[in-house]
Amino acid sequence: GVDSVIKEIIKWRTVIIGAVIILTSYIISDIISGVSLILPSFLLAGLVVGFIINETEKNGALNGVVLGVIGGIITNVILIVMMYLQGYGDFIVSIISTAMIYLVLEIVVATVGGVFGSLLRIEFDKSEMEYEEVEE
């Protein structure tokens with residue numbers, strides 16, 4: 001049923017690699033340097049996931065969605081907890097609603113990244129094939 005279809009389409013190991021890329025760049029950029037690169041890191045991770053899975057744009061997009069959801073939940077939970085610990089508890093409602101907007105953006109960006117990654121892979125494979133033909 002649905003489970004087997006999800007297992008075939010969603011490449012969990014690749015999505016986890018993507019989530020680690022997001023988390024690492026989040027920690028380096030936002031927490032250490034104070035410069036937010038969160039959306040570019042979702043795009044990059046989406047590209048990586050789309051490229052690695054080596055499937056259709058649709059599957060690239062679906063894996064990007066899953067990546068965006070996982071990465072977005074992790075980074076936004078960290079953000080909310082940090083804001084709360086820094087004494088912004090009174091503003092928790094606006095912080096959470098802002099985080100929801102970020103989450104939607106992050107899912108969209110990771111999805112776009114997944115599509116681009118798939119397209120890049122298709123082009124990459126085409127150029128590899130052309131290169132091999134020249135060699136013979």
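Analyst: The questions below proceed from the whole chain to single residues, and the model is a predicted one.

User: What share of the residues in the protein is buried?

Analyst: A residue is termed buried when its relative accessible area is under 20%. The protein has 136 residues, and the buried share of them is 32%.

User: Is threonine 14 buried or exposed?

Analyst: Threonine 14 belongs to helix α2, which covers residues 12–33. Its relative accessible area is 10%. Because the limit for a buried residue is under 20%, threonine 14 is classed as buried.

User: How far apart in space are threonine 14 and isoleucine 52, C-alpha to C-alpha?

Analyst: Leaving aside neighbours within four places in sequence, threonine 14 is in contact with Val49, Ile52 and Ile53. In sequence, threonine 14 and isoleucine 52 are 38 residues apart. In space, their C-alpha atoms are separated by 7.1 Å.

User: Which residues does arginine 121 touch, not counting residues up to four places away in sequence?

Analyst: Arginine 121 is part of helix α5, which comprises residues 92–135. With a relative accessible area of 19%, arginine 121 is buried. Once residues up to four places away in sequence are set aside, the residues it touches are Phe51, Ile52 and Asn54.

User: Is glutamate 133 buried or exposed?

Analyst: Glutamate 133 is located in helix α5. On the surface, a patch of negative charge is formed by Glu128, Glu130, Glu132 and Glu133. The relative accessible area of glutamate 133 is 57%. Since exposed means over 50%, glutamate 133 is exposed.

User: Which helix gives the largest share of the nonpolar patch?

Analyst: The nonpolar surface patch has an area of about 540 Å² and consists of Leu43, Val104, Val108, Val112, Phe116, Leu119 and Ile122. One of its members, phenylalanine 116, lies in helix α5. Phenylalanine 116 has 45% relative accessibility and therefore counts as partly exposed. The largest share of the patch, six residues, is supplied by α5.

User: What part of the accessible surface of the protein belongs to carbon and sulfur atoms?

Analyst: The accessible surface of the protein amounts to about 8300 Å². Of this area, the part that belongs to carbon and sulfur atoms is 72%.

How values were computed: Residues are numbered from 1 along each chain as its sequence is written. This is a predicted model: local features need pLDDT of at least 70, side-chain atom pairs count only at pLDDT 80 or more; totals for chains, interfaces and linings use all residues. Side-chain values use heavy atoms; hydrogens and water are left out. Helices (H or I, at least four residues) and strands (E, at least two) are DSSP runs, numbered from the N terminus. Buried means under 20% relative accessible area, exposed over 50%, partly exposed in between (1.4 Å probe, protein chains only). Contact means heavy atoms within 4.5 Å. Patches are made of residues with over 30% relative accessible area and no salt bridge: like charges are joined within 9 Å, nonpolar side chains (Val, Leu, Ile, Met, Phe, Trp, Tyr) within 5 Å. Accessible areas come from the Shrake-Rupley method with a 1.4 Å probe; for residues, only the protein chains shown count as cover. A salt bridge is a side-chain nitrogen of Lys or Arg within 4 Å of a carboxyl oxygen of Asp or Glu. Lys and Arg count as positive and Asp and Glu as negative; His and the chain ends are not counted. The place of a charge is taken as NZ of Lys, CZ of Arg, CG of Asp or CD of Glu.
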